[in-house]
Amino acid sequence: MAYREVGMWEILEVLRRIGRGEKRSVVARATGFRRKTVRRYVTVAVELGWKPGLEEPTEELAVGVFQKLRPVPEGGRLGEVERLLLPHRARITAWLARDEKTDKRGLRLTKVHQLLGREGIDVAYSSLHRFAVKYCGFSDSRRFTVRMAESAPAEVAEVDFGRLGLIWDPEKGHNRVAHALIVTLVHSRHQYVHVTHSQKLQDLIDGLEDAWIFFQGVTRRLVIDNLRAAVTKADIYDPVFERIFNEYAAYRGFVIDAARVAQAKDKPRVERNVQYVRENFFRGENWLEIGDVQRGAIRWCLEGAGMRIHGTTRKRPLVVFENVEQAALLPLEKERFDPPFWGKYKVHPDHHVSFQKALYSVPTLHVGKTVWVRGDTKLVRIYFGGELVKTHERQAPGGRSTDYDDYPKEVAPYARRDPDRLIGEAKKRGKHVGAFMEALLSGSFPWAKLRQAQKLQRLGQKYSSRRVDQACRRALAFDLINVRRVEQIILGNLDRVDLPDGHGTETEVIQFPLRFERAAESFSHQHTEGDDHGGSQTITEDCSETPEALGHNTHAPRQGELCQESEPR
């Protein structure tokens, strides 16, 4: 039989009217009950100790009447659903229970509802839920929640990405999805919206930097979603954050607090704002491109969302922010964060690492080893074993930054192609070595003789610097600018000839006249008059010339020999 369940307040209203002396028929018409029902309420109340007209009925009395007159279904206190499900109680309990051996959770109640439906046990899900809670020890923790204490001003901000919709991208020439990075201050509920086409780490940092500039300060704690670009390993107790984002948090001075995976209640203020931003701000507008959306978002944060009466606080977020929270924010003293790039690279045999298509030198000690490289828009820092080993200015792709001091000392001058440095080092070894090096590296292309210059340096290590200096003195005297001839002078002990025994004083090197040297006039030709193209021609030699004037390519007569004329040609 169908029945209508009456509430406690309706029973209390009936008892109050009867206590004031109203007739049952009048009370029945006023409350909608039948007179028989009114009489039954009064009878039960009297049985429970109520004295009509002498005492005012209480809520406890009305509850007692309600519980005593509450209709009981047929078959005792069991309902139809309970009678249907009780034979399956053990199976339902087993399905929902956690396996202690494997520590696996049981089936969801929705799955149990499906399994029962396949067997023809058709009950409402809400009825099954009540039965599982009453008989199977089932409890749904999601049915209960608590409100946390309000955070202090500037204590925490919540961050989340949300999809806005499609907007035109003039660079790509087609529509692209626009995302909103929403930063909400928990205390005042004031927020900032950063619009972007992607959800990479660079977009997250750029959005936060713009938000801190917008708020003119930084909060002490930041609650973020488990964004892959920022959280390397999601963990309820000890999450691992991406290296660059961790460095950014230390740079700005806030603590990262990652929400649990798939737990929207860990950041409820910003979670509900995603839908609010999309529906109240973005949809229904005619946006040109992403820059237009960003400008509109800033206006909306100040004039729209900032000046509304918030549904929870019943205050205007912008007013609370300006009056209370803004002064408590951490000051924004440092310049805008320059996001670096970290990577592992191997040092090549040429003393360089290739970092983003540019080369940077590393000391010889680390050749062949793997180093960490950190590069931003200004500097490139190279680390080995956690220690900074080299710093370079950032180079464009295809560029190279080489510190020649990273090379071994014996090859650094050659790599530099710096004649002045070689000459300076040679002068330290001796005056004549320096002069020889100057003569060797003179000319338009001195680096063409760099190998000889290196060999001259090695001679000083192989022989004494004094012998090399004297050999260079002799070579300069005879104009022998060749390092191999210098070594031959040393090997032939010719560097000692002009030196007195046991003394270090220098003796002048005397150059004798060359045996076959001639005067320039001896090479002039006399042609026969009138014979322009041939004919006999006689060339005479001056036999009275001294040996100093004899040429190199003729057989000059020795002393005591006769001088003969040459045969006519």
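A residue counts as buried under 20% relative accessible area, as exposed over 50% and as partly exposed in between, with a 1.4 Å probe and protein chains only. By that rule F321 is buried at a relative accessible area of 4%. This is a predicted model, in which local features need pLDDT of at least 70 and side-chain atom pairs count only at pLDDT 80 or more, whereas totals for chains, interfaces and linings use all residues. Residues are numbered from 1 along each chain as its sequence is written, and side-chain values use heavy atoms, with hydrogens and water left out.

**Aromatic pairs**
- The structure holds 19 aromatic pairs, where rings of Phe, Tyr and Trp (its six-membered ring) pair if their centres lie within 6.5 Å, and planes under 30 degrees apart count as stacked, over 60 as edge-to-face and the rest as tilted.
- One of them is the tilted pair of F215 and F321, with 5.7 Å centre to centre and 55° between the planes.
- Because F215 belongs to helix α9 (residues 201-215) and F321 to helix α13 (residues 317-325), this pair ties together parts that are 106 residues apart in sequence.
- F215 is buried, at 0% relative accessibility.
- Y251 and F337 also form a tilted pair, at 5.1 Å centre to centre and 55° between the planes; Y251 is partly exposed at 22%, while F337 is buried at 7%.

**Aromatic cluster**
- W212, F245, Y248, Y251, F254 and F337 form one aromatic cluster.

**Charge over rings**
- The charged end of R243 sits over the ring of W342, 3.7 Å from its centre, the criterion being NZ of Lys or CZ of Arg within 6 Å of the ring centre and within 35 degrees of the ring normal.
- R243 also lies over the face of W372, at 4.6 Å from the ring centre.

Definitions and conventions
Helices (H or I, at least four residues) and strands (E, at least two) are DSSP runs, numbered from the N terminus.
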